Amino acid sequence: GFQIAVISVVSDDVLRSVAVAGSDEARASLLGAVTPLDVIHEEVARADDWGRFKFVPSERATDNLGDYGWVPDFVPDQAVDAWHPLDLLIAPLHDEAGAIIGLVSIDLPVEGRRPDTVQRILLEKYAAQAERAVQVALERRALSEQIRLATAARHIVRNASVQLSVDDLLEQCGAALTQGFRAGGSWIQTFDEEVVGSG
């Protein structure tokens with residue numbers, strides 16, 4: 001029932017938009033957009049609580065989101081429940097511990113009206129599905145990273161030969177370390193009684 005839907009995920013205290021459904025204009029403006037978590041917390045604090053979704057009517061809107069979001073260009077009709085370009089409808093997504101892991105934002109209802117009770121019940125279900133999907137995606141990403149690092153460690157151990165000198169061993173392991181940590185290079189310092197060496 002909405003023309004725009006955005007899913008953002010938390011990364012380093014910001015929300016980054018990773019999926020945008022809707023108009024090409026909205027997609028171009030929103031995909032990859034970054035919003036500080038503090039801004040979202042401020043908006044949620046002033047919002048009406050609709051369950052998973054939080055609604056900030058235009059009359060309570062601030063200038064905060066203008067710098068981070070996309071405001072549709074249309075003139076609302078005069079109905080009491082008309083959707084306004086500055087209306088904000090968001091659903092924070094949480095992990096099992098209650099921490100925010102993402103956000104669903106929706107805009108431009110097809111009917112041009114703020115959601116009624118029946119539509120809010122349906123939106124609640126969509127938000128629950130989105131929350132689970134984001135949880136699974138983040139868990140898969142974390143598992144993939146663990147597997148990648150474990151593979152790099154196995155590669156280092158497998159290729160390390162007891163027959164090599166320390167310098168040759170470090171040179172051989174350096175490439176695997178660099179690749180495993182996706183680094184531009186690696187430096188290893190060794191210590192003995194008299195000198196510190198690096199390679």
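A salt bridge here is a side-chain nitrogen of Lys or Arg within 4 Å of a carboxyl oxygen of Asp or Glu. Keep that cut-off in mind, as several stops on this tour rest on it. The model is predicted.

**Whole chain**

Start with a cartoon view. The chain has 4 helices and 9 strands. Trace the elements from the N terminus: they run β-β-α-β-α-β-β-β-β-α-α-β-β. Of the 199 residues, 31% count as buried. Contacts reach along the chain: among those between residues at least 6 apart in sequence, 55% join residues at least 24 apart. The structure holds 11 salt bridges.

**Stop 1: helix H1**

Select Asp 24 and Arg 27. They form a salt bridge, with the closest N and O atoms 3.0 Å apart. How are the two placed in helix H1 (residues 24-30)? They sit 3 residues apart, so about one helical turn separates them. Asp 24 is exposed, at 61% relative accessible area. Arg 27 is partly exposed, at 31%.

**Stop 2: Lys 54 and Asp 49**

Move to Lys 54. Its salt-bridge partner is Asp 49, and the closest N and O atoms are 2.8 Å apart. Colour both by accessibility. Lys 54 counts as buried because its relative accessibility is 16%, under the 20% cut-off. Asp 49, at 59%, counts as exposed.

**Stop 3: a bridge between loops**

Select Arg 114 and Glu 59. Their closest N and O atoms are 3.6 Å apart, and the pair forms a salt bridge. Which parts does this pair tie together? Arg 114 lies in the loop between strand E7 (100-109) and helix H3 (117-159), while Glu 59 lies in the loop between strand E5 (53-56) and strand E6 (88-94), so the bridge ties parts that are 55 residues apart in sequence. Glu 59 counts as exposed, at 59% relative accessibility.

**Stop 4: a network**

**Stop 5: the negative patch**

Return to the surface view and select Asp 12, Asp 13, Asp 38 and Glu 42. They gather in a surface patch of negative charge. Zoom in on Asp 13. This residue lies in the loop between strand E1 (2-11) and strand E2 (14-21). Its relative accessibility is 61%, so Asp 13 counts as exposed.

Step back to Asp 12, which also belongs to the patch. Asp 12 lies in the loop between E1 and E2. At 71% relative accessibility, Asp 12 counts as exposed. Check the backbone here: phi of Asp 12 is near 55°, a positive value in a residue other than glycine.

**Stop 6: Leu 108**

Go to Leu 108, in strand E7. Leu 108 has a positive phi of about 60°, although it is not a glycine. Is this residue buried or exposed? Leu 108 counts as buried, at 15% relative accessibility.

**Stop 7: Thr 35**

Finish in strand E3 (residues 34-36), where Thr 35 lies. Thr 35 is buried, with a relative accessible area of 11%.

Notes. Residues are numbered from 1 along each chain as its sequence is written. This is a predicted model: local features need pLDDT of at least 70, side-chain atom pairs count only at pLDDT 80 or more; totals for chains, interfaces and linings use all residues. Side-chain values use heavy atoms; hydrogens and water are left out. Patches are made of residues with over 30% relative accessible area and no salt bridge: like charges are joined within 9 Å, nonpolar side chains (Val, Leu, Ile, Met, Phe, Trp, Tyr) within 5 Å. Accessible areas come from the Shrake-Rupley method with a 1.4 Å probe; for residues, only the protein chains shown count as cover. Lys and Arg count as positive and Asp and Glu as negative; His and the chain ends are not counted. The place of a charge is taken as NZ of Lys, CZ of Arg, CG of Asp or CD of Glu. Buried means under 20% relative accessible area, exposed over 50%, partly exposed in between (1.4 Å probe, protein chains only). Contact means heavy atoms within 4.5 Å.
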